Amino acid sequence: MKQAGERLTIWYSWTCGLILTAAVFSILAYLLFKGAGAFHPKLIFGGVSPLKAVLLQQRVFDGLFPAVVGTLMLVSLSVSIALPIGFATGIYLAEYADFRIKNAFNLIFDILAGIPSIVVGLFGFALAVFLHKHYSSSIQPCLLISGLALAFLVLPYIIRTTQIALESLSPEIRLTALALGATKLQNLVYVLLPQSLTGMISGVILAIGRCAEDTAVIMLTGVVVAAGVPKSVFAPYEALPFYIYYISSQYTTPEELMNGYGAALLLLLLCLFLFALAFVIKKRLSYLAFYRP
Amino acid sequence: MNNWKERGIEKIFLLSTIISSSITLLILGFMAYMALPLLRGGLFRLLTEPWMPQQGFYGIYPMIVGTSVISLLSLLIAFPVSLGCSFLISSIGPKSLSAVFRRIVQMMTGIPTVIYGFVGIFLLVPLIREFFQGGSGMCILTAALMLGVLISPTMILFFCDSFDRVPRSYIDAADSLGANRLQTLLYVILPSAREGIVIGVLLAFGRAMGDTLVSLMIAGNSIAEPKSILDSVRTLTAHIALVIAADYESPEFRSIFACGLVLYLFITIVILAVRRLAFRKSEERA
């Protein structure tokens, strides 16, 4: 009787593995199959010559160029906002905070990491409305607001990877320089941070991936369908994930749909590349960022 | 001089910690403040009334039902599959295959959610429409299936992690009593990894609730109360994305903050439960 149950478990597990693999590979294969045809410089630059588009001499109307530039600007903006404050917070929690304070802050950042991205987006939108009303009527949902909201979204990732990277250093590494008379800060700057650099960098790459893929935050905070390359951080902009979302419901011609497939494939490859990079730099940390057990 | 610098930098670190943690509270504050006029009208009414802006009803009840039904169903679909997959990775599959499979699952966490929604519209929705002969194909079932794929990696990786953390001595004891790998898994590892499994399920549930794009794109966004899993629904997250009111004082606009507040509070409960479980487990070990 027990034997039969055990054999059933083996069969069951193999079936589950097969179901999941089949599901994932059919998603990837479908996109590759449909999108490969659209993968061409024309997908990004449309009818404009690539050089003129990059130099901003000519505006691209029928290509993804503005969306790609928008996504790049968005990612660099939000990561550069989140990075210094995230690193500093991670260092404080790992090295300076005492046990009880650390516990309280950990809870707060666990909650921040769990807040749905649409709620963070709504917060960004409310912030823009608030600033518009009370400070300057020129503030509206724009690149800066999106960058700020996305920075809030990825902050817990950066904090947590920094914190884990520092906390997982062995006591030998931690104590040697101190025993030689280094101060706490010297130990941190010359020993602990260099030792945990890989962990911190993989956290940054994960944050970049999260910024590049997120759609819910930006759709409430300033992304639009057609804006061209944004002139300043106070202007609306285009982005890849939003373009994919928009095309999926509003496409009018087969060519537009083709572009949508191409954009989806482009975004997928970008995110998988970033993920693989983070993984190569530091194994395991990648998904630990979701929750620290 | 040196001492002064050390303390100054520590203060800077502390200050950024305070700033970043205040964001968590600031979001809660904003949601509560903006939803306040609606909450004054009665919390019970808000949570139980239908959504009919023309008739003056701004309740979010249909959306709460939509979110609960979709995330529970996706959990129901994904949990058994995830458990099987984690068995396969941690002891049933051959070592090399398990390693590859684990990589695939980890890679899944890197797939953008908008991709799941996009493929859902063009691949899964037509399939469901054909299979059930009728409707648009955008329904609870479609969204729950896609969300199931989205949340499986969270569960699988947590299950495997908690299996790995079962003390070596337990496994050695089972080995020396003559148990094979599967018996060790079923009768030793599984019972002592119970908390880890619950934590994985809770986190996946939170992920399913908080996801916007999949339900927005393939659940159909109808505001009627669903009668079967082939009906279309609107989730809280999709509702926030869809209601774009021009008038910032209108009850429509206020109601999306009520949705945000509900989601926020729900996630807080999930995180508290997870931490409590994790804490209990680590105390038991110590």
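A residue counts as buried if 20 or more other C-beta atoms lie within 10 Å of its own, as exposed if 12 or fewer do, and as partly exposed in between, with C-beta atoms placed from the backbone. Keep that handy for the exercises.

The model here is predicted, so local features need pLDDT of at least 70, side-chain atom pairs count only at pLDDT 80 or more, and totals for chains, interfaces and linings use all residues. Residues are numbered from 1 along each chain as its sequence is written, while chains are lettered from A and ligands numbered from 1 in the order in which they are written.

**Exercise 1. Decide whether B:Gly110 is buried or exposed, and find its contacts.**

Step 1: Find the spot. B:Gly110 sits in the loop between helix H4 (95-108) and helix H5 (113-132) of chain B. Helices (H or I, at least four residues) and strands (E, at least two) are DSSP runs, numbered from the N terminus.

Step 2: Count neighbours. B:Gly110 has 22 C-beta neighbours inside 10 Å, so it counts as buried.

Step 3: List contacts. Two residues are in contact if their C-beta atoms, placed from the backbone, lie within 7 Å. Setting aside neighbours within four places in sequence, B:Gly110 touches A:Gly209, A:Cys271, A:Leu272 and A:Phe275.

**Exercise 2. Describe how chain A is built and how it meets chain B.**

Step 1: Tally the elements. Chain A has 14 helices and 0 strands.

Step 2: Look at the box and the burial. The C-alpha atoms of chain A fill roughly 70 × 65 × 35 Å along the principal axes, and 49% of its 293 residues count as buried.

Step 3: Go to the interface. Chain A puts in 68 residues and chain B 69. On chain A's side, helix H1 (residues 2-35) gives the most, with 17 residues.

Step 4: Sort by class. Ala, Val, Leu, Ile, Met, Phe, Trp, Tyr, Cys and Pro count as nonpolar, Asp, Glu, Lys and Arg as charged, and the others, Gly among them, as polar. Chain A's side of the contact with chain B then has 51 nonpolar, 13 polar and 4 charged residues.

**Exercise 3. Work out how H8(A) and H9(A) are arranged.**

Step 1: Get the geometry. Helix H8 (residues 171-179) and helix H9 (residues 184-195) of chain A pack at about 155°, with axes 10 Å apart. Axes are lines fitted to C-alpha atoms, for helices over the stretch in contact, and angles run from 0 to 180 degrees between N-to-C directions.

Step 2: Name the arrangement. Angles under 35 degrees count as roughly parallel, over 145 as roughly antiparallel, 65 to 115 as roughly perpendicular and the rest as oblique. So H8(A) is roughly antiparallel to H9(A).

Step 3: Check who touches whom. H8(A) brings A:Ile173, A:Arg174, A:Ala177 and A:Leu178, and among the residues from H9(A) are A:Tyr190 and A:Val191. The contact divides into 6 nonpolar, 3 polar and 1 charged.
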